[in-house]
Amino acid sequence: QNDGRLRLSRQGVIFKNSKTGKVDNIQASELAEGVWRRVALGHGLKLLTKNGHVYKYDGFRESEFDKLSDFFKAHYCLELAEKDLCVKGWNWGTVRFGGQLLSFDIGEQPVFEIPLSNVSQCTTGKNEVTLEFHQNDDAEVSLMEVRFYVPPTQEDGVDPVEAFAQNVLSKADVIQATGDAICIFRELQCLTPRGRYDIRIYPTFLHLHGKTFDYKIPYTTVLRLFLLPHKDQRQMFFVISLDPPIKQGQTRYHFLILLFSKDEDISLTLNMNEEEVEKRFEGRLTKNMSGSLYEMVSRVMKALVNRKITVPGNFQGHSGAQCITCSYKASSGLLYPLERGFIYVHKPPVHIRFDEISFVNFARGTTTTRSFDFEIETKQGTQYTFSSIEREEYGKLFDFVNAKKLNIKNRGLKEGMKQSYDEYADSDEDQHDAYLERMKEEGKIREENANDSSDGSGEETDESFNPGEEDDDVAEEFDSNASATSSSGEGDSDDKKPAKKAKVVKERKARRKHPESKKGKDPNAPKRPMSAYMLWLNASRERIKSDHPGISITDLSKKAGELWKAMSKEKKEEWDRKAEDARRDYEKAMKEYSVGSKAESSRGERSKKKKKKQEKQLKGKAERKGASFKSVSSSKSPAKSSNESFKSKEFVSSDESSSAESKKEDSEEEGAPSPRRSSSDSASGSD
């Protein structure tokens, strides 16, 4: 169900889950049977142990059978048997129960197998048994239910349906609260899921009973236990890591976090007699215990789950605490550097193991220089950013990361600063400011570059928000003089420099027009050449799909990257040559394209100039025609007004004044001599 790494040694078989870090260790003396068979994708290996457990591993190649068979025969004294699954497609057969496995067989060949640990519920009906399964959050499609029809037979007075159900329930992961709890902790404060819960401790599972929700957590789903001191030194976190997580609707809780006060004590009596306690827990627990509440809860959980409790190691922050205050996803919390990983509590809880970390990065804070960000990227590509960490924690955290030999991404970004890292790694605790000095120097360099690249914009921002000069800037920008100054400044030659404020307005207009003047990509331009890897990928994509049928796009990209990385140098050189040829062809085509585009642009400019000249000539002719028309109409208007004697005196005087004003404007616009018109006006006025 999960990816991981399998290692075969003389001592046994070890499998490490890549997602959870959980390790399955099978001793060589416990192996009872080994089966090799063909599965959906490649070949698989099924191992059966003497105590009934079954382990299945897929993803082998057919060519690896001989090597595995010889290894099993030499070191485990086992014959690796080859058994094929039945593919007849029949839906009737025989059910066999073997250890933790239900096998549906046709003849001697198995059709499918169901691990009974995945069964969450088993119900019976008339001649029918229904199995329900735990939901797998990692799979896109999950099998939720299987129904078996059991023919009615009465052998030895036993109902076959009930016998089938009892066989399933004896091995299934079905939680039934039968019997009394070993002990109960009342009203414990829980951070995730939030609320106060009564915790009832049963032999095989943990029962959280709250006012709204109930959760039953099998001990088999508990991965790790953490006991973490709060930064205030008055409280303790007890963290339980779960896989699979508990569910509430669409919400998944991978961590159960309890918060205790150090001052709270409890006296505990287990609901078992002393002999049973001694036999089951072998001295780890006693019938009557007393002490701090967090100590009692952690002690009982450790004994029942049978896992170690992880506590912070030798890390100590600037304030003396074993954690660092920071923020993750806009929520404040505490980051604990552990001996084998980092854990963040509490919203949302995050646990990152060192073996899944690709690199870490120290970045300057985005809002202030008093803090920095600590970034972690895993090998799967997931990135975690813990921000707002006080700068006094630089040295302590960097020493810790360096001591754990984690890759630091920004180590030696500048050659002059590389030595600072080496000295810092070997320095004593008194010299913890080396990394801080490096960050200051880098900040100064970036600020100088920013100031050089944006001189005017910085002045413009300061001026626009200066209350003393705000009115002047607004008048300068919006009155007619500002626009005239900016336009004349653009049209002048380079040796004329505008004033400071005119420069601000000019830059604003240029910045506003910049997106409008952005040119689109020419579809006729030659396409950029592909790299050697992309040429190889295009040629090999169909082959990879045929070798791995049903592979997704992301998995295909990962597989292609692995194949390219493993390719020999000689084969890569062949694709490098093809990429070089493609690059030369691109450069040649680009030269031809640039020559053609220049010629086309010059023709376009000439046609624009010619068109502009024609428009100017037409405009001049129109202006001259308009001027002559106005002069003729103005000379005729006095005679017309004298002939029409029936009009009132007021109407004539208004007409004369309007005609006089129009004549005056025409004379100013056309520059024609006005004495003759004024004499005619006076004559008409006397009439």
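The legends below describe close-up views of a predicted model.

Residues are numbered from 1 along each chain as its sequence is written, and side-chain values use heavy atoms, with hydrogens and water left out. Because the model is predicted, local features need pLDDT of at least 70 and side-chain atom pairs count only at pLDDT 80 or more, whereas totals for chains, interfaces and linings use all residues.

View 1. Two or more lining residues come from each of β18 (222-229), β23 (309-310) and β27 (350-353), and β18 gives the largest share, 4 residues. Strands (E, at least two residues) and helices (H or I, at least four) are DSSP runs, numbered from the N terminus. By class, the lining has 8 nonpolar, 5 polar and 9 charged residues; Asp, Glu, Lys and Arg count as charged, Ala, Val, Leu, Ile, Met, Phe, Trp, Tyr, Cys and Pro as nonpolar, and the others, Gly among them, as polar.

**View 2. An open antiparallel sheet of 3 strands with the order β11-β12-β13.** The edge strands, each pairing on one side only, are β11 (119-125) and β13 (145-149). Pairing requires at least two DSSP bridges between two strands. β11 is joined to β12 (residues 128-133) by 6 bridges, and Gly 125 has Glu 128 of β12 as its bridge partner. Helix α2 (residues 160-171) lies across β11, β12 and β13 and runs at about 170° to β11.

**View 3. Two cis peptide bonds.** Thr 192 and Pro 193 are joined by a cis peptide bond with omega of about -10°; Pro 193 is in the loop between β14 (183-192) and β15 (195-201). A cis peptide bond with omega of about 5° joins Asp 243 and Pro 244, and Pro 244 is in strand β19 (residues 235-248).

**View 4. Positive phi at Gln 233 and Ser 388.** Gln 233, in the loop between β18 and β19, has a phi of about 65°. Ser 388, in strand β30 (residues 383-390), has a phi of about 60°.

Notes: Contact means heavy atoms within 4.5 Å. Axes are lines fitted to C-alpha atoms, for helices over the stretch in contact, and angles run from 0 to 180 degrees between N-to-C directions.
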